[in-house]
Amino acid sequence: MLLITCPHCGPRAETEFRNGGEAGIVRPRDPAALSDGAWTGYVFTRQNPKGRFHERWCHAQGCGRWFTAVRDTVTDRFLSFHPAGEQPDEAGR
Amino acid sequence: MTRFSIFSLARNALSGHANWPAYWRSPEPKRGYDVVIIGGGGHGLATAYYLAKVHKVTNVAVLERGWLGGGNTGRNTTICRSNYLYDESAALYDHAMQLWEGLSAELNYNVMFSQRGVLMLAHNTHDLQIARRTVHANRLNGVDNELLTAEEAKAFCPQLNLSKDIRYPVMGAALQRRGGTARHDAVAWGYARGADRLGVDIIQNCEVTGIRVEGGRAVGVETSRGYIAAGRIGCVAAGHSSVVAGMAGIELPLESFPLQALVSEPVKPAFPCVVMSNTIHAYISQSDKGELVIGAGTDQYISYAQRGGMQIIEHTLEAILELFPIFSRMRMLRSWAGIVDVTPDRSPIIGRTPVDNFFINCGWGTGGFKATPGSGHVFAHTLAHGEPHPINAPFTLDRFVNGRLIDEAAAAAVAH
Ligand SMILES: Cc1cc2nc3c(=O)[nH]c(=O)nc-3n(C[C@H](O)[C@H](O)[C@H](O)COP(=O)(O)OP(=O)(O)OC[C@H]3O[C@@H](n4cnc5c(N)ncnc54)[C@H](O)[C@@H]3O)c2cc1C
Ligand SMILES: [Zn+2]
């Protein structure tokens, strides 16, 4: 089980959290103007990197807030945690 | 190459079983092949076998990063069934089922395919309605599946607990009698042996590290053992499909999750069939070695660490013990995880990609072992002709663009 540090509550067991997948996915401003391919990218295509990954977690059984974590998907080690709105320094992969 | 038979067994018994030949050669990679298959799991090896056998394409290499079947082929719980809901899926999985039924004879290798029946439990009114709908859909597609009452289910599997006091009492079940299990390693070894005999080069410890693309066409692969040119490339890398496709600049709608399983200490035959429950997430069978084989769920986050969390296993064992209190004193022997590549609609992607001559067979997620023979058979057709077989034609990468999804999320609600 992962030990996850909520930026608001500190380290807690993974069972208190809900994973929200890739971080930083922005809903297109004008969906009607999008090509089908671009819409597919938004709805279905996700980064699935072997290595550094920016992901969203929700502290569902705690403060209830969403935040961003950077984790290495090979070791499952967390590299950093960021409250919503704070940008991790380096790019996703 | 020795044909296995009662006579070869007797002959080798006389010489103390010291002279059995190797199942396959271990050749040095050639400079190029007509077809290069990336991934020596069951699906990749089956693809190579049918390419050589059915399509007479024998200048083929299977490149495997580790050892044959060391991926999900050797880590899965081997449940085989074909009772999927939609027409496209029923055709694909039943194609595999029909090949399973003759596979040991076809390969002259015992894959221990055992049609002991797969019982899928219903625990509430909705489960029963879904089971009824699936049974009808299956029968319209010529796939056997029947609805049982709780008592009939218990007659089929006497270990089942029908107590009304458990959290989710059993209310009925769907039974596919043709479903069952097979020996996972044997499937990889049998296909490898068969493919090798037909001239396919099986190259282990050979990791693909790059795909060479020139003018929108794939022309070869960079590997840990040098560059290998390829007329066509088939990527069958399961949990690593995103990584390999990424080498060709292709983004796939896949997420890779750890999926766990565990086995108990071996005991005498104590369990007659396969039981699955989507609602409480548990599935169980007994291997021919005597171990209870229990499948757990996926972790909630993507990962390439073949581990998975303990709480996932606990959750599954709680469910198993409600259904089968008889096993409460069993000791578990081993647990492990594999990395499974999951698509948004829980159906595989088999076919062309935006890069010419680079084909994919991926997204089998938590349930591709059962499809191994059918997957290899239709993918071989795809690689030989550059066009899909009618059975895999609906399973395109394009369906995520045009919206023709094949949503089997219900069929695959439990990892199996
Ligand atoms: C715990 C668990 C239980 C499961 N239970 C069931 C079940 O009961 N029924 C069922 O139908 N399915 C089940 N599955 C799913 C099933 O195992 C998979 O869908 C199926 O095995 C995938 O087939 P494969 O042979 O292609 O995979 P694999 O055996 O994983 O083959 C892929 C191969 O590609 C190789 N590879 C990856 N990257 C590279 C590279 N760069 N270069 C060279 N080679 C590479 C890997 O080393 C691997 O050997 C289960 C899976 C798991 C993990
Ligand atoms: Zn919190």
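Start by selecting A:Asp76 and B:Arg307: their side chains form a salt bridge, 3.9 Å from N to O (the rule wants a side-chain nitrogen of Lys or Arg within 4 Å of a carboxyl oxygen of Asp or Glu). The rule finds one salt bridge across the interface of chain B and chain A.

Before moving on: this is a predicted model, where local features need pLDDT of at least 70 and side-chain atom pairs count only at pLDDT 80 or more, while totals for chains, interfaces and linings use all residues. Residues are numbered from 1 along each chain as its sequence is written, chains are lettered from A and ligands numbered from 1 in the order in which they are written, and side-chain values use heavy atoms, leaving out hydrogens and water.

Next, show the whole interface: 24 residues of chain B are in contact with 26 residues of chain A (contact means heavy atoms within 4.5 Å). On the chain B side, these split into 13 nonpolar, seven polar and four charged (Ala, Val, Leu, Ile, Met, Phe, Trp, Tyr, Cys and Pro are nonpolar; Asp, Glu, Lys and Arg charged; the others, Gly among them, polar).

Now over to chain A and its open sheet, ordered E3-E4-E5-E6 with antiparallel pairing (strands are DSSP E runs of at least two residues, numbered from the N terminus; two pair if DSSP finds at least two bridges between them). Colour the edges, E3 (18-22) and E6 (78-83) of chain A, each pairing on one side only. Finally, pick A:Arg18: opposite stands A:Cys58 in E4(A).

Technical notes:
Helix = DSSP H or I, 4+ residues; strand = E, 2+ residues; numbered from the N terminus.
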